[in-house]
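Here is a set of exercises to work through with the model open beside you. Try each task on your own before you read the solution.

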Amino acid sequence: MNQAKTPLLTGLLLLLFYIPALAQTGRITGKVWNTETNAPVPGASVVLEGRQGGVSTDVDGQFFLTAERGKWYTLTVSGVGLVTRRLDSVTVNANATPLNVLVTTNQKSLQQVVVSTSIRRASVASLYSIQKNSSAISDGISADIIRRSPDKNTGDVLKRVSGASIQDNKFVIIRGINERYNVAMLNNAPLPSTEADKKAFAFNILPSSLVDNLTIYKAATPDLPGDFSGGAVKVQTKDFPSQPISELSVSLGINSKTTGKNFYKGQPNGKYDGLGYLDNSRLIPGPYYRQRGAEFINNTADYKREVTKMFPNTFGFQAARQSLPAISLQYTGGNTRLLSNGRKLGAIFSLGYGNGRAVSDRNRDEYDVNRTFQEGYTTANYEDKANLSALLSLAYSYGRSKIAWKTVYYNEFVKTLAQRKGYSEVNDPNFFYSRSVNNEVSQNGLVHSVVEGTHKPGNGWAIDWMGGVGYTYRNQPDQKILSFKSADNVDAGYSLSLSTENSPAIRTAGRIYSFLGEWIYDGGFSVSKTFKLGEQVQKWQFGSLNVYRDRSVNVSALGYAGLGDKGVTIAESKEISFGTLFTPDNIDRYDLTVANIANNSTDYTANALLNAGYMMLDNRFSEKLKATWGLRVERYRQKLNAQNKTPIDVENTDLLPSLLLTYALSNRTNLRLSGSRAVNRPEFRELASYAVYDYDNNLSVTGNPGLKRAQNTNADLRFEFFPQSGEILSASLFYKYFTDPIEQTNLGNNNLGYDNADNAYVYGAEIEVRKKLDFTGSDWLSHLTVYTNAAYIKGGVQFNGQNLKSPMQGQSPYLINAGLLYVPENESWSMNVLYNRIGPRLQFRGVRGGFNIFENPRNVLDVQVSKKLLKDKLELKLTLSDLLAQPFRWYYKYDPSTTHIGYDQAKDAIIRSFTFGTTATIGLRYNF
């Protein structure tokens, strides 16, 4: 190794794993912002009066000063052409949020101007300015609010943002619209989906302690990705920790339906299941894999029987020990090392592991057009889960430049056993009972690494660039389904009926091997120039984003069948059961083979290339009026090649203009008007025409190679008022018109698909209130913050030339978030109460005889209480999640013409119901 590099690598390792404790001194940190440009100020001089020396702000306007603990200082910020700013009563506080110091341009450059204020008043003013002067319609949360809250991950934080809600504790829903219309960004890089089959990012993998701020953009600007019309969620992580971080979090979760209850596990038990990784025990045997598909059936009967015996007989299950509490561990560390000549080296890293179980009882019923019961199933579902997450950020700042490397890793492993009992009256009086078992594992995750740089050479120029690579995967090897049926008299016993090898049935006796991997490469840049026209500051910006995706998918679906001409029926007995049916002896005895199920099998490769460029102007016409406008151009080419299918090759170029006008009614009040164009493109899975059987919901999902991209027009009108620090009152009106919106459809007969509607429109209103109760004069109430946000959404859809009175697929008519946050003056403890309700959501649109399927609303109530101990080094947290534990329910809406989409017991039918129970989590977080 090069000897010159050895000290640098050694120092980097020390930085990562050794965090110094400063006994007599500490740090005063912050950022300097220009109120006219709403941008950080690099190169400003920051001095503590009475102490020799000072520092210059870096490329992000950030400064670090070393000072004695327990002393009070006056901080002065100055620079060429800037009004000098003095802040009184500044001191070192290990828990303090970095200062935001506001400066303005000195219009009278020959005369010195000094403005003095207190640190508290400066913090209040900075929050007003940063939010008020933003050139976007957005809602967000700063590090200060995050620090005061008990939120553990970014998914928890998102629950507090206006118009946003979280589904499955990780996916964000904005303005009640389907998650497909959202985009996620980490710093300046678009994030790949954590879900292989849909566009969604799991925000629960990002620790809240690493978040500097979080913003949801609800109106497009040219510098944002063009494929969102719901919201763009941008998470900005810390590059340079203001204080050393060394934090260990441990939590135990107790669930009312799982902890201490009986549990069952399927087979096999892989060597690495507990860690969340697959071994080779579930792989398809080589002799079949090499001839998978239509080739295998052409072999001799003896050969097919012998290969069939190579498949492990792992259809069985066994009782496991009763469930222990779920456990979660996470360590977060980091520091900023101050080097000579104003250079800095920052590092933040986080490593988390979780392991737990979930038990749920699920009901699935089916009804005909007359609401007559046809069949029903009760399923006991047992899930064993493990996840591993990691984040690493390294940043180096020098002069007016910064370079950072950031990597996110997430791996989730779920092992599922489902035991089902069913009853059918479809062919009454020849009804039957059934018993079946589903045994599957899934491992999915992502790794995404990006290098980014910021350079501000001076004279108003700024250059940003990024380049990244990522990999997403979803592997589901050897999902096994086995079903026995009985005639109308259960005492007659159960049996298994297998067809011939030309028509095996996946729902009767099937094995599915599914592997998906996708590489993502992205890169982009932006260049901006700030200048003045007259007395007003203007900004011109242009840039580009390029993303390439390369996917490979292999799905082999097999069914057991008889080698004879008429199939075979096998009666259940002591020797023939779920775990003993497919032994080598029974394969010979009943003359069995595995056979390919063509409709559920596929091999496909796909790629997509996005080339985007934009030009944007931020024009200020007066102190009150400004416009942010420009044009984004996106060229997108998508290819998909599947075995024995017609290749898909689609290319589109979209012009996406946007305009945002902002008028300042007062120093604390804005009125904003926005218009923009956006697109929404089909995912690879939606285009691939093979069918996937969803055992949990007893549905098959098939792609549609004829899908077109959707285009939409957006308009927003927003009023916003910032009373004081940490408070907001806002009200918005919005309208969206979609051409060819992509919807998931219910085709009837338990089949789902995808299709383009002709057009759709959505309009609504949104309000947000976040208010401290300090105006009451009560000492207790002065520390209480009330916050609520709500959205009301209406709309309509035209599908196949017919105007429908139902909402868009995935849309809810209303959304309510509310909460109470109590934090005393010393911040030694806090209490947070959260409430959430989403209106009836159209899960799947009924077409071709299928019914509309809606999800019933649920009232969700969470309570969190935290207490700091040992001089704030230890935090104890108690969280009660989903206290009401109301069931998740789907229902058929029989009358498509009705405008009442809520559940009507007299007219509708509940087809799916389950609950996960209430969870109590005890957490400990220790700061070393």
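**Exercise 1.** Decide whether N749 is buried, partly exposed or exposed, and describe its backbone.

*Solution.* This is a predicted model, and every value below is computed from it.
- Step 1: The relative accessible area of N749 is 73%. The cut-off for exposed is over 50%, so N749 is exposed.
- Step 2: Next, find its place. N749 belongs to the loop between β39 (742–748) and β40 (751–756).
- Step 3: Look at the backbone. The phi of N749 is positive, about 55 degrees, although N749 is not a glycine. Most residues other than glycine have a negative phi.

**Exercise 2.** Find the peptide bond between Q267 and P268 and give its omega.

*Solution.* 
- Step 1: P268 sits in the loop between β18 (263–266) and α5.
- Step 2: Omega is about -5 degrees, and the bond that joins Q267 and P268 is cis. Most peptide bonds are trans.

## The whole chain

**Exercise 3.** Sketch the chain in numbers: how many helices and strands are there, and what share of the residues is buried?

*Solution.* 
- Step 1: Count the elements: 8 helices and 52 strands.
- Step 2: Of the 928 residues, 55% are buried.
- Step 3: Now take the contacts between residues at least 6 apart in sequence. Residues at least 24 apart account for 72% of them.

## Aromatic rings

**Exercise 4.** Classify the ring pair Y288 and F311, and say which parts of the chain it ties together.

*Solution.* 
- Step 1: The structure holds 38 aromatic pairs, and Y288 with F311 is one of them.
- Step 2: The centres are 5.9 Å apart and the planes make 70 degrees. An angle over 60 counts as edge-to-face, so this pair is edge-to-face.
- Step 3: Y288 lies in helix α5 (residues 286–289), while F311 lies in the loop between α6 (301–310) and β19 (317–320), so the pair connects parts 23 residues apart in sequence.
- Step 4: Check burial. Y288 is buried at a relative accessible area of 1%, and F311 is buried at 3%.

**Exercise 5.** Which charged residues lie over the rings of F240 and Y636?

*Solution.* 
- Step 1: Over the face of F240 you find K344, 4.9 Å from the ring centre.
- Step 2: Over the ring of Y636 sits the charged end of R681, at 4.4 Å from the centre.

## Cores and a helix

**Exercise 6.** In the largest nonpolar core, which residues touch the most other members?

*Solution.* 
- Step 1: This core has 45 residues, and Y604 and L640 touch the most other members.
- Step 2: Leave aside neighbours within four places in sequence. The contacts of L640 then include Y604, P647, I648, F684 and L687.
- Step 3: Another core, of 26 residues, lies apart from the largest one; I284, F315, L498 and I570 are among its members.

**Exercise 7.** Find the buried residues of α6 and the elements they pack against.

*Solution.* 
- Step 1: The buried residues are K304, R305, V307 and T308.
- Step 2: Their arc around the axis is only 165 degrees, so they are on the same side of α6.
- Step 3: These buried residues pack against α5, β28 (536–562), α7 and β30 (592–596).

Terms used
Residues are numbered from 1 along each chain as its sequence is written. This is a predicted model: local features need pLDDT of at least 70, side-chain atom pairs count only at pLDDT 80 or more; totals for chains, interfaces and linings use all residues. Side-chain values use heavy atoms; hydrogens and water are left out. Helices (H or I, at least four residues) and strands (E, at least two) are DSSP runs, numbered from the N terminus. Buried means under 20% relative accessible area, exposed over 50%, partly exposed in between (1.4 Å probe, protein chains only). Contact means heavy atoms within 4.5 Å. Rings of Phe, Tyr and Trp (its six-membered ring) pair if their centres lie within 6.5 Å; planes under 30 degrees apart count as stacked, over 60 as edge-to-face and the rest as tilted. A charge sits over a ring if NZ of Lys or CZ of Arg is within 6 Å of the ring centre and within 35 degrees of the ring normal. A nonpolar core is a set of buried Ala, Val, Leu, Ile, Met, Phe, Trp, Tyr and Cys residues joined through side-chain atoms within 4.5 Å. The arc is that of the directions from the helix axis to the C-beta atoms.
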